[in-house]
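Hi,

Here is the structure I promised to pass on to you. Have a look at it first, and then read my notes below.

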Amino acid sequence: MLKLSRRAFAGALPLGLAGGSLLAGSLFDSPTALAATQDAGRTPVSVTPLAQVRIGRFTVTALTDGYADMPYGYFPGRSPADVEKAAIAQFTARPSGVRFLFNQYLVEDGERRILIDAGPAGSIGQTGELPKALAAVGLQRDQIDAVIVTHMHQDHMGGLIVGGKNNYPNAEVYIDRRDVKHWTDPAKRSGAPDYLQTSFQMAEEVVRLYPKLQAMDGERQIMPGVSIVDLTGHTPGHIGVRIEDAGQSLIMVSDMIFPVVHPRATDVFFLFEQDPAAAKAMRDRFFPRAAAEGALIAATHMPFPGLGRVVADRGQMRWEAADWALQD
């Protein structure tokens with residue numbers, strides 16, 4: 001079963017709530033303490049969200065680089081009004097659009113540390129928090145052994161090259177060869193819309209700053225228990241990552257699932273998708289299979305920690321947030 005570490009649970013609580021009782025008499029004994037508590041109640045508490053699950057010998061830690069609100073018009077296949085209506089019904093609507101998280105996942109087995117995606121690192125929305133999240137678990141970026149980039153959109157690779165630097169100097173970087181070819185092709189870049197130009201520019205920087213980058217061909221094993229899953233569609237080389245051990249498994253599906261619209265409707269897309277028909281075909285195959293298997297899934301843009309399952313409910317597919325906390 002999945003297990004949450006006590007450190008991760010405590011780390012998600014505002015300072016002063018972890019490790020103490022709210023009913024302790026000393027909490028409100030003095031007017032000064034009461035005033036401080038009232039002031040704290042008016043001031044947002046900044047915490048670094050962390051969530052850890054165990055998959056056999058692996059510890060998988062959900063981290064986040066931050067968030068951005070995506071306009072309701074960014075979902076081809078539905079009108080902005082329909083997307084907003086669905087977001088309101090799901091209590092995820094914001095004035096400027098649907099809130100997207102940027103979740104990353106750290107995979108550790110006691111010997112290697114693998115990071116899945118590196119976040120946008122300030123290139124979009126309220127982001128750039130991943131180094132702080134890593135520090136919260138006692139790690140610096142030079143302690144990461146490998147980074148698997150699920151595809152070469154800016155929100156998945158920006159952290160690799162923020163500041164024009166190789167920010168993971170000791171890491172092997174893995175990216176599907178089809179994505180490397182696409183995002184470093186001058187002809188593709190010249191014909192691409194403005195909103196994809198940052199991704200093309202970043203892709204060139206990644207290739208330049210990581211000369212030992214490993215361009216992968218299809219599904220393969222990175223190490224025992226960590227393997228690549230082909231999820232082509234969102235981009236030409238869009239991949240997922242399967243972590244499995246001791247009869248347990250977790251599939252990180254990256255941008256296969258977007259909040260509000262998926263998995264219910266596979267004919268709704270996201271503006272950045274290169275091949276909507278291929279993306280729909282992949283979702284049409286993947287969602288029923290995931291529902292039948294009861295697969296535990298990690299998704300980049302779903303509400304933190306992005307862990308859940310696709311379930312079939314009266315002929316419709318829906319997202320069920322995983323009951324992962326405090327499991328035996």
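**What I found**

In strand β14, Ala299 stands opposite Ser254. This is a predicted model, so please keep that in mind as you read on. The strands β13 (residues 248-254) and β14 (residues 297-299) run parallel and are joined by three bridges.

Both strands belong to an open sheet of seven strands with mixed pairing, in the order β10-β11-β12-β13-β14-β15-β16. β10 (221-223) and β16 are at the edges with a single partner strand each, so one side of each has no neighbour in the sheet. On average, neighbouring strands here are turned by 30 degrees against each other, ignoring direction. As background, strands of a sheet pair through backbone hydrogen bonds, in either a parallel or an antiparallel way.

For the antiparallel kind, look at β15 (residues 307-313) and β16 (residues 316-321), which pair over six bridges. Ala312 has Met317 of β16 as its bridge partner. The hairpin of these two strands has two residues between them, and Arg314 there takes a positive phi near 50 degrees.

Next, find helix α9 (residues 276-293): it lies across β11 (226-230), β12 (239-245), β13, β14, β15 and β16, and runs at about 90 degrees to β15.

Finally, what lines the largest cavity? There are 13 lining residues, and Met70, Asp155, Phe270, Phe272 and His301 lie nearest its centre. β4 (97-108) and α5 (154-161) are the elements that give two or more residues to this lining. By class, the lining has seven nonpolar, four polar and two charged residues. The volume of the largest cavity is about 90 Å³.

Enjoy exploring!

Notes
Residues numbered from 1 in each chain as written. Predicted model: local features only at pLDDT ≥ 70, side-chain atom pairs only at ≥ 80, totals over all residues. Heavy atoms only, no water. 1 Å grid on protein atoms, 1.4 Å probe; cavity = no way out; pocket = protein on both sides within 12 Å on 5 of 7 lines; lining within 4 Å. Points joined across faces, edges and corners; volume = space filled by probe spheres on them. Helix = DSSP H or I, 4+ residues; strand = E, 2+ residues; numbered from the N terminus. Nonpolar A, V, L, I, M, F, W, Y, C, P; charged D, E, K, R; others polar. Pairing = 2+ DSSP bridges. Axes fitted to C-alpha atoms, helices over the stretch in contact; angles between N-to-C directions. Contact = heavy atoms within 4.5 Å.
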